[in-house]
Every structure is written in C-alpha cells, then in structure tokens.
Amino acid sequence: MPGLTKILGVGAACIGGVLALSSAPASAWEPTKPIEIIVPAGTGGGADQMARVMQGIITKHNLSKQSVVVINQSGGAGGEGFLAAKNAKGDAHKLIITLSNLFTTPLATGIPFNWKELTPVAMMALDEFVLWVNADKPYKTVKDYVDAIKAAPDNTFKMGGTGSKQEDQIITVALEKATGKKMTYIPYKGGGAVAVQLVGDHVDSTVNNPIEAVAHWRAGKLRPLCVFDSKKLDYHEKIAGDLAWDSIPTCKSAGLDVEYLMLRGYFMPPDVSKDEVAYYVDLFKKVRETPEWKKLMSDGAFNQSFMVGAEYAKWVADAEKVHEGLMKDAGFLAKTN
C-alpha cells in the first residue's frame with residue numbers, strides 16, 4: 001500500500017441534475033406503513049444525526065405519506081443493525097444508514113454478514129474526519145501535537161473514538177505509524193460521547209466527524225488541527241471567531257500523510273423490487289433539495305457526493321477492498337478472514 005496510510009483509493013464525483021421537490025415522477029410503489037431507518041451506531045454520532053435530520057425533513061415537507069422512525073441498533077459494533085436489515089428480507093419499509101462499519105464490523109468480528117446481501121439505494125454524502133484537541137491545551141498546530149506525542153513515552157496520549165477496530169481506531173493506527181509512537185485508544189459508543197469526553201479533558205484527542213464536534217468548536221471548547229482529506233474543506237462561513245471549515249489545513253500538508261473519507265449512504269434489505277428502490281432514490285433527491293439538508297451539509301462540512309445504482313455499488317466494493325487491506329495491516333481482521 002503506497003504511503004503511510006492513504007484511505008481514499010476510490011473516486012467520488014458528484015452526480016448533478018438533482019430533481020426539484022415537485023418535478024419527480026410519481027413512483028410505481030409507495031410505503032403503506034411507517035418507514036424505519038436503522039442506525040447501526042449510537043445516538044449523537046454522525047449517522048444518527050443524519051438519519052434524524054432526514055426524518056425531520058421528510059415530516060416537515062410532507063415528502064412521504066408515511067411517518068419515519070429512527071431506531072439505533074448499535075450492538076456488536078453495528079452488527080445488530082446489519083443483521084436486522086439482512087434478516088428483513090423483502091421488507092421495503094426498512095432502510096439502514098451505513099458508515100464504514102459496513103465493512104469494518106464483518107471484517108473484525110466475522111459475523112455472518114456482507115454488504116452484498118443488502119440492496120444499495122444511494123450514497124448521500126461522504127463524511128470527513130478532523131483531528132481535534134481540547135481548546136485549553138497548548139497545541140495550536142499539528143506539529144505542536146505530534147512533537148508532544150513524540151516527546152512522551154508510548155501510550156501516554158489517549159485517543160478517544162467510536163467503537164473498536166472501526167474507522168476511528170484505523171485512523172489512530174495510521175497516526176501511530178506516522179508519529180512512530182503508540183497511543184492509548186479508548187472506545188466509546190458514539191461520536192457524541194467521544195466529543196463530550198474530549199471537552200471534559202478525559203482524552204487528549206479525537207478524530208470526530210465535523211458534525212459531531214462543531215457545536216463544541218463553536219462554543220470554544222475544542223480546537224481542530226487538521227482534516228483527513230486530500231484538499232481543504234470548501235465551506236467558508238465563520239464558525240469560531242474568524243475561523244471557518246476552510247481554515248483547517250489538511251493533515252497531509254501539516255506533515256501527517258493520512259487521508260480518510262467515510263460513507264454516509266443507505267441500503268435496503270435483500271429481495272426488494274426496483275420500484276421500491278426507485279421510491280427511496282426519488283425521496284432522497286427531494287430531501288437533498290431542502291434548505292435543512294443544505295444546512296446539514298454546511299454545518300457538517302460534508303463532501304456532497306451522491307451516487308445510486310451500479311456506480312454506488314462499485315464505490316462500496318472498492319472501499320471494502322481498501323478497508324480490508326488497512327485492517328490486515330493493523331492486525332484487526334478476525335481469524336476467519
């Protein structure tokens with residue numbers, strides 16, 4: 001694998017031509033009971049926040065005749081949620097919002113699940129990762145933080161993250177390789193809890209998604225040091241004083257050769273029809289046109305890639321291969337893999 005750890009490896013161009021709210025043709029199928037969105041992660045994290053914002057948008061704009069219910073099934077690093085979606089064969093009233101644990105959980109645990117058993121619907125966005133520290137700490141730059149890690153004994157610095165052997169810990173391993181020092185990784189149930197632990201000074205850093213930490217940055221409690229993307233974030237609105245998302249340097253430009261983007265997309269259970277999938281693709285296009293969605297994208301500094309169909313499935317397949325290689329290098333694969 002080239003470089004220290006480059007966790008992109010796959011393209012993600014935006015698809016244009018999103019339909020206006022009233023311009024989409026009527027679907028051949030519509031739900032006849034409440035729509036259930038499974039979140040395979042804890043409350044307050046990026047996936048949970050996106051699902052609940054979408055729930056609110058669909059309700060406020062009357063985009064569905066049926067209500068939307070969000071259910072967190074985070075047990076087993078999200079395995080509970082994935083198995084629930086897999087076992088709901090043919091149920092077009094269930095959706096699951098996915099993140100990198102779509103690959104990392106099966107690879108790390110060996111649970112009887114693979115994303116190919118589900119039905120791809122749409123990539124809604126790609127989520128960024130930012131290296132955060134407590135604002136009261138003296139680290140103003142990545143160099144300040146890395147120098148402090150290098151000067152201390154191994155395992156002195158604590159990194160808080162969501163779950164074990166998932167994206168946050170994968171990035172932590174990449175940081176260890178880049179700095180040549182071991183860190184103590186402390187897992188929590190969700191990104192919201194991770195951010196609170198950093199605010200409380202119980203850990204030294206996190207790699208929270210922007211949406212998980214932005215409120216604490218705005219309140220002056222946290223400081224972003226760098227973003228794990230190949231380019232700076234393209235959002236200019238001021239958030240903390242004179243600082244905006246585009247004020248944050250890339251980690252690579254600051255001396256850490258680490259890049260990582262995470263999927264925020266939807267799948268349905270196996271054996272649903274094309275018309276049922278088409279209904280949700282149309283629904284999600286309508287969601288993307290609302291001011292509330294655009295605010296979420298801006299607040300969370302999302303990469304606004306949107307994919308459906310074969311292009312989406314290919315992106316997921318490529319991302320799975322990348323994660324398998326990274327997890328093998330980190331020693332995170334289950335013995336059966």
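At 23% relative accessibility, Lys137 counts as partly exposed, because the value lies between the 20% and 50% limits of that class. Its salt-bridge partner is Asp201, with the closest N and O atoms 3.5 Å apart. The two residues sit in distant parts of the chain, 64 residues apart: Lys137 is in the loop between β6 (130–134) and α4 (142–151), and Asp201 is in the loop between α6 (191–199) and β9 (205–206). Asp201 is also partly exposed, at 41% relative accessibility.

The model is predicted. Mean pLDDT over the chain is 90, and 91% of the residues reach 70 or more. Residues 1–25 have pLDDT below 50, yet this stretch has 61 contacts in the model beyond near neighbours in sequence. Where pLDDT is low, predicted coordinates should not be read in detail.

The salt bridges number 14 in total.

| Salt bridge | Closest N and O atoms |
|---|---|
| Arg52 with Asp48 | 2.8 Å |
| Asp147 with Lys143 | 2.8 Å |
| Asp201 with Lys137 | 3.5 Å |

Arg52 and Asp48 both belong to helix α1 (residues 46–60); they are four residues apart, so about one helical turn separates them. Asp48 is buried, at 4% relative accessibility.

Asp147 and Lys143 are likewise four residues apart, in helix α4, and so are separated by about one helical turn. Here Asp147 is partly exposed, at 36% relative accessibility. Lys143 has a relative accessible area of 54% and is exposed, because that class begins over 50%.

The interior is the remaining topic. In soluble globular proteins, nonpolar side chains tend to be buried together. In this model the largest nonpolar core contains 110 residues, and those with the most contacts inside the core are Met50, Leu131, Phe228, Trp245, Tyr266, Tyr280 and Phe284. Helix α10 (residues 309–330) supplies the largest share of this core, eight residues.

Which residues does Phe228 contact, leaving aside neighbours within four places in sequence? The partners of Phe228 are Phe129, Val130, Leu131, Ile171, Leu175, Val207, Cys251, Val258, Glu259 and Tyr260. One of these, Leu131, is itself named with Phe228 among the residues with the most contacts inside the core.

Technical notes
Residues numbered from 1 in each chain as written. Predicted model: local features only at pLDDT ≥ 70, side-chain atom pairs only at ≥ 80, totals over all residues. Heavy atoms only, no water. Core = buried A, V, L, I, M, F, W, Y, C linked by side-chain atoms within 4.5 Å. Buried < 20%, exposed > 50% of the residue type's maximum accessible area, 1.4 Å probe, protein only. Contact = heavy atoms within 4.5 Å. pLDDT = per-residue confidence, 0-100. Salt bridge = Lys/Arg side-chain N within 4 Å of Asp/Glu carboxyl O.
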